[in-house]
Amino acid sequence: MPIYTLAQAQADHTRRNGPICILGAGLAGLLVATRLARAGWRVIVVESGGDSFDAAIHDLNTIEDPSGLYNHALTGRFREFGGNSRYWGGRLIPLSQHDLGARPYLSLPGWPISLQELAKYQQDVETMFGLGTGSYEEDLLEQLDPDGLLPRGDPDLTCRWSKIPSFRRTNLAAQLKHELARRDNVEIWLGATVCEFELDQLAGRLSGIVARDFNGRRLTVTAREFVWAAGAIESTRLLLLLDAASEQRAFQGCKALGRYFQEHAKAVVGRIRPIDSVMTNKLFAYRFAGLGRRYLYLELTPAAQATDEVASAYAEVALDLLPNSPLALARSLLRGIQQRKLALTVPDAGRLAGHVRYLVRGAYWYLARRQMLMSSDTGLKLEITAEQMSDPSNRITLSPRRDRLGVPMARLDWRLTDRDEHTFQSAMRRIAGYWTRSGFERICPIEWAPGISRSSTRVIDVADQRAHPSGSTRMGTDPRTSVVDSDLRCHHVPNVSVVSTSTFPSAGSINPTMTLMQLALRTADALGR
């Protein structure tokens, strides 16, 4: 696999040609490239970042944010080979049938693809990350909760379980680099940021892209098919730039491009105060099952959502670690393994060794109960994550401001609304009832955040984002109200496919990464055919 860096190219202007060009070498781009290469296709991948983090390139993620409300333009996305897979937590869980279906009480149509179509690729994703097959739903309680501590069939909340691979396997670039290196039909260009487009106006197609670096070198790639896999915000910006290059003819008649930007909003609504620390650990610490860890989400049931006319939401009991706690030190070490660097210093190693008693007890707990043991200094937060309601006024446009390469920046007009507050309030009310019915109130009561418990503070005013942007190139069947079709091809520019969470018509309740990877594999198969 030839990997080139544009800054080291011999010519000031390099030209390449191939059947398929992929923009972005993150999770989605690498999956599409690998799948197509295995099928025998020649693929050219163009990536803005390098083989490691570069602050100057990363700064190209800066957006214009007039409201100042969006916090993750620079912390939630990374321009480098492997993209966010170098940094993410690794939680994998599919969207549910309810997430993809029509929700008339919210005036939300269903997705134009079925859960069954996505499920075909679930095992492929699990195998890639060294995970076993098995349920993500409440039926797993018989295995993970043999003591029957967690309620079954509760009317308000259902247990869902994400799968988490080892830190060593979450970095997709490190996983796939060796395979791609053996292939002569994949060509990867790093440090090449797409800035311009070559259009076939008569045919209504994209014929080429032009990428540049900070030194003025250029790379032009012509291809029959192009795949946008540059992340939700950047993929949207690139389509807007393409539209601008066509003098707004490329997406003429489409009312959806850039609109309906949505996020998962998260808020710490209280603290968990363990009265019985052993029972609390049994309830909420990571489980180990099969080849990975399992993490518990308490998700609003479809019936509860429909009754309250709210979007999806889930609660989790999250760890709040002190910097020098044994769990924090162990996490630092494992993060270093994920990023392929040593992150644990000699003093940190000494501090970790000072927790020998905890480490021994933790090893016993793992072997005896297949569960993590939380250290005595571990704090517990009750955190709610809510699906944001689709709103056309939440949108990405091109800013008059330009980045270092002279390209218009993305401008994001975004905020949460009263409808999102309604979802948070519904979730808190039903979680409180669940805590009482289940008896958790006697084991580990909730200490609600003061302002929230007195209703003097709106949750949306203190909420952060999960860095799960979606919606701004939404999928659908009508070219007027959607950007891509069910195969993720642009309605108006049919040789451009968008493999991004920006195509999600609705966000659903949970981490979008599993669904994004399923869509990437499905799109690669469609292109291969």
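What percentage of the 529 residues in the protein chain is buried? In this predicted model, buried residues make up 58% of the chain.

## Overall form

The protein chain holds 19 helices and 18 strands. Its radius of gyration is 23 Å, which agrees with the value near 24 Å that a compact globule of 529 residues would have. Along the principal axes, the C-alpha atoms fill a box of roughly 70 × 55 × 40 Å.

Among contacts in the protein chain with a separation of 6 or more, 74% join residues 24 or more positions apart.

## Surface and charge

## Nonpolar core

The largest nonpolar core has 156 residues. Those with the most contacts inside this core are Val-46, Phe-129, Ile-209, Trp-228, Leu-239, Phe-251 and Trp-435.

Leaving aside residues up to four places away in sequence, Trp-435 touches Ile-272, Phe-284, Leu-298, Val-317, Phe-440, Glu-441, Cys-444, Pro-445 and Ile-446.

## Loop residues with positive phi

Tyr-260 is a residue other than glycine with a positive phi, near 65°. Tyr-260 sits in the loop that runs between α9 (232-245) and β9 (264-272).

Leu-488, also not a glycine, has a positive phi near 70°. Leu-488 belongs to the loop between β17 (464-465) and β18 (496-498). Is Leu-488 buried or exposed? Leu-488 has a relative accessible area of 0%, and buried means under 20%, so Leu-488 is buried.

Methods: Residues numbered from 1 in each chain as written. Predicted model: local features only at pLDDT ≥ 70, side-chain atom pairs only at ≥ 80, totals over all residues. Heavy atoms only, no water. Helix = DSSP H or I, 4+ residues; strand = E, 2+ residues; numbered from the N terminus. Rg over C-alpha atoms; globule rule 2.2 N^0.38 Å. Buried < 20%, exposed > 50% of the residue type's maximum accessible area, 1.4 Å probe, protein only. Contact = heavy atoms within 4.5 Å. Core = buried A, V, L, I, M, F, W, Y, C linked by side-chain atoms within 4.5 Å.
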